[in-house]
Amino acid sequence: MARKLPHRDVVVIGCGWTGSIVANELTDAGLNVVAIERGPWRDTGTQYAPNYAQDELRYRIRHELFLRPAQTTFTFRNQQSQTALPIRTWGAFMPPNGVGGGGLHWNAETWRFLPSDFVLRSHLTQRYGARFLPADMTIQDWGVTFEELEPHYDKYEYLCGTSGTAGNLRGKIQEGGNPFEGARSRPYPNPAQQQPYGPMLFAKAARELGYKPFPQPSGNMSQAYRNPLGVRQGPCTYCGFCEWFACGNYSKASPQTTVLPVLMPKGNFQLRDNSEVTRINLDPSRKRATGVTFVDTSGTEWEQPADLVILAAYTIFNVQLLLLSQIGTPYDPQSNRGVVGRNFTHQTISDCVSFFDRTKFVFNPFISSGAIGMCIDEFNGDNFDHGPHGFVGGGYMGQVQTNGRPIETTPVPPETPRWGAEWKRAVRDNYQSTLKPGTGVHGSMYSYRDVYVDLDPTYRDRLGRPLVRITMDFHENELKQNRFLTDKFAEIYQAAGAQRVVKEYRKGPYDITKYQTTHLCGGAIMGSDPRTSALNRYLQSWDVPNLFVMGASAFPQNAGYNPTGTVGALAYWSAAAIRSTYLKNPGPLVHA
Amino acid sequence: MREGLGLCVTALLTGVLASACGSRPARADNEPSEQDFSMIERGRYLTTVADCAACHTNPDSHDLFAGGRPIETPFGKVLAANITPDLETGIGSWTDAQFDAAVRMGRGPDGERLYPAMPFPYYTRMTPQDVRAIRAYLNTVPPVNNPVRSNQLPFPFNIRTGMAVWDTMYFEPGTFRPDPQKSAEWNRGAYLVQGPGHCGACHTPKTMLGGDLKQQPLQGYTIQGWFAPNITNDLQLGLGRWSVEDVVTYLKTGHNRLAGASGPMSEEIVDSSSRMSDPDLHAIAVYLKDLSGTSGTGKPLAAGNLQMVAGAAIYRDLCSACHAPDGSGVDYLIPNLALASSVSSREPTSLLRVVLHGTQTVATPREPTAPAMPAFGWQLTDAQVAAVTTYVRNSWGHAAPAVSAGDVHKLRPLDSEGGG
């Protein structure tokens, strides 16, 4: 029997980017908020002070900051005909854990999606006809438009202090920025970071090929910054320990460096760390959440009653909690009915390794930051005519020099032995004169009828709850897209003067052991129709109106960008709707 | 401004216990009325300026002014008294005259002498009207029944009569006398600094017996393992490079373009100066900026000095990423070592403490970031800490005595009191 805690206005599940943003907004509205976080407390001064050992083996190779699979994991299979098996070592993505969530150890690549991304099915159908899309592709419109989200993108970027060059300022295309981006209401809060040699060389070649390269929007500070909440960050030192690490220099936007210093001291906010929410509780009508149940590390079960429940965990955990709490109809791929678990997506990433004459090129790849680099957007979304190519989707591509860390950054020609003196010689010869971006081709993954998550029939976690089962494979559309994009990408390096460009295409089947990104999306998607979406356009559950679900689980499909900018914008969008409308009259914000 | 709860600082209205039985005497005609909003409000503000809560509110209990917080002094421990209006265990049965004698004369209700952990040598500069206002406010807080035996000192310090000698040597009673040559603002600042703010409790050097060295006011003193820096206008050692606005911003927010507060000063900023009015902070700054210090105008160590060479290399490797190669830091985030007087202060206590053990700066509503300095004690040897601190104490215009490995070694234990 769970022990009951005093009632709160709001309980927030998870204290990463969205949990801390929404908690900050709702405490500002005067509500009494408790956030329950599965992992430990983390802050810069205590754990990641500037002289903490940014140990690549500990953090990158051994996954120090991530959830331990022994605590909770997932099962995986490519096809419905297969039996899914539990993931025992993280591979394709890294489930975050702890205060700050993935926002602590991201690269801080802070993009906006294209206006057409939000109306994807209507847009593509209108331009190419419905028959151009594969029959089993289940892409949808989001129910929210870029124009509606723009003020919230802006708010998130100013929270983070994003460094970048505007490409479209109130409809006017700007020199040096991304000309394909939607109109932004004002420039980035900080100028773009200074670029190392590799990205500059890439940009020069891209320009010569007729593209319009621009600096990647970055949550690594190009200069000292004070955000609208009064929290300060210092200039990035280009150390190259961003993704997989916490920033010790107060230079990378994270909940810790932007919002938690303001949230934590509030008298109407409380954080419970090391506490895992096991279910969202419903009243007998099953149309109203009464709070959550969680367990602490002693195994004691607690009930936290609340009027409003904000589910703000990582994508797949959001879906898991909905399934375990029996909120919304589970998705059934056979009948193509149900909403929880559908339109689950990831990403289609590939790279090129470009070898240059080592007597002429010295790239110093260790001068880097998580989101430093020059990109082009000509092949993203629907920025180009897909008609002749027979696929939809795309991605940005760029020389994004996230790091030059020694274990990962050992580019050698493919015929080199995998170890021994010859390998060592090849590493030495190529380290300084090879370009291998941390992010190269960042392709979209659209949604399909047979890519989804549900509860595993066999495997259970330590609490006896069924694990979530991922069924995912690449479809021909994405593989075609990747071949096309990777070839275009390689041309730029060739134009830059590389002696040899090795293309590392993304190939099927989807491999759960190889890291792509941590951008799992979908499973509890937003939309206009409760038959095909779990949430309405304000991220409010269609079934339980006092439940809002944040995060990329709301994406109907993944675009060709990193998702966090859109995740942040949606959190502000949803919080604004809660503050302006829901609180005055709690109930459904959309009547379907 | 007082830096934290320090050493001597504060405490005790001792003797309260013995005398505080019986009912409250009838109110004299001239006692303030609990309806006198203006006086109560002024008293509340002065209580903040005097930072009474720092000692008299035990952070473990949250009962406002109920006492019990242990105040460490070089002579032993003293517990802050209960100054709520509780009749039995607080000051509810005191007359205003008894309260005034305690605050401004260091005398308990039966005439016994208080220990100067209660900073009456500074409070004596306050006007009787201000002390009465404080009393009026204290009368309005909830009474808490909390007996406190203040005197926890060992023999012979536990004998109060010994304080008669101390008072003769160090205590100069009397309210603040304005200087007609100076502006009203200067005089207000002087009053706040010398009286309720009791800045000298931490910032003025002390004798062996804890009395102020009166010829060196506010020129810096080491207490509780921190060096409360020179806050005169001395160019090398004090606030000479700070503008009046820098001082105001620092006291208001804990941070400015040059420095961030940590250690005992954090507590002072949170509880006291961040809540003071802008005109009062401005007055304090004007006064401090008008105080001359004993200038240190020595020459820096030669660049070829072996400690300087090693220190420069360590600085470049471990410090320059945040503090910048030229020591300039980042405004409001990373202290400017080139302009921070605490770097080149006579005693390197704070500098060594911060390098060895790290510290978190203060968070205030206007500056919530509270950036931290990491600890390097686990990473650097005594000789290396000595070298890098010697280097920053003799770079960018600073000139200060070299630090030895032995100086560093003494501060290794976290609870070390440092020199002084």
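User: What share of the 592 residues of chain A counts as buried?

Analyst: This is a predicted model. Of the 592 residues of chain A, 58% count as buried. The test for a buried residue is 20 or more other C-beta atoms within 10 Å of its own.

User: Into which domains is chain A divided?

Analyst: Two are assigned. Domain 1 covers 1-42 + 87-147 + 253-344 + 520-587, and domain 2 covers 163-223 + 348-443 + 473-511. The centres of these two domains of chain A, taken over C-alpha atoms, are 30 Å apart. Their contact takes 25 residues from domain 1 of chain A and 27 residues from domain 2 of chain A. Helix α4 (residues 120-128) of chain A gives the most to the domain 1 side, with 4 residues. By class, that domain 1 side has 15 nonpolar, 6 polar and 4 charged residues.

User: How do you know what span is expected of helix α12 of chain A?

Analyst: The rule is 1.5 Å times one less than the number of residues. Helix α12 (residues 564-582) of chain A has 19 residues, for which 27 Å is expected. From first C-alpha to last, α12(A) reaches 25 Å, which is close to that value.

User: What makes α12(A) mostly covered?

Analyst: The count of buried residues. In α12(A), 14 of the 19 residues are buried.

User: What makes a set of residues a nonpolar core, and which residues have the most contacts inside the largest one?

Analyst: The members must be buried nonpolar residues of the listed types, joined through C-beta atoms within 7 Å. The largest such core has 257 residues, and A:V12, A:I13 and A:I310 have the most contacts inside it. α12(A) gives the most to this core, with 9 residues. Domain 1 and domain 2 of chain A each supply at least three residues to this core. Beyond its neighbours within four places in sequence, A:I310 is in contact with A:V10, A:V12, A:I13, A:G19, A:V22, A:F548 and A:M550. There is also a second, separate core of 7 residues, including A:L124, A:F391, A:M445 and A:Y446.

User: Why does the span of helix α15 of chain B agree with 1.5 Å a residue?

Analyst: Helix α15 (residues 382-393) of chain B has 12 residues, which should span 16 Å. Its end C-alpha atoms are 16 Å apart, so the two agree. α15(B) is mostly covered, with 11 of its 12 residues buried. Among the buried ones are B:V385, B:A386, B:V388, B:Y391 and B:R393. What covers the buried residues of α15(B) includes α13, α14 (349-357) and α16 (405-410) of chain B.

User: How many residues of chain B are in contact with chain A?

Analyst: 21 residues of chain B are in contact with 17 residues of chain A. The cut-off is C-beta atoms within 7 Å. Helix α13 (residues 306-323) of chain B gives the largest share of the chain B side, 3 residues. By class, that side has 14 nonpolar, 4 polar and 3 charged residues.

Terms used. Residues numbered from 1 in each chain as written. Chains lettered and ligands numbered in written order. Predicted model: local features only at pLDDT ≥ 70, side-chain atom pairs only at ≥ 80, totals over all residues. Contact = placed C-beta atoms within 7 Å. Helix = DSSP H or I, 4+ residues; strand = E, 2+ residues; numbered from the N terminus. Nonpolar A, V, L, I, M, F, W, Y, C, P; charged D, E, K, R; others polar. Domains from an automatic or database assignment.
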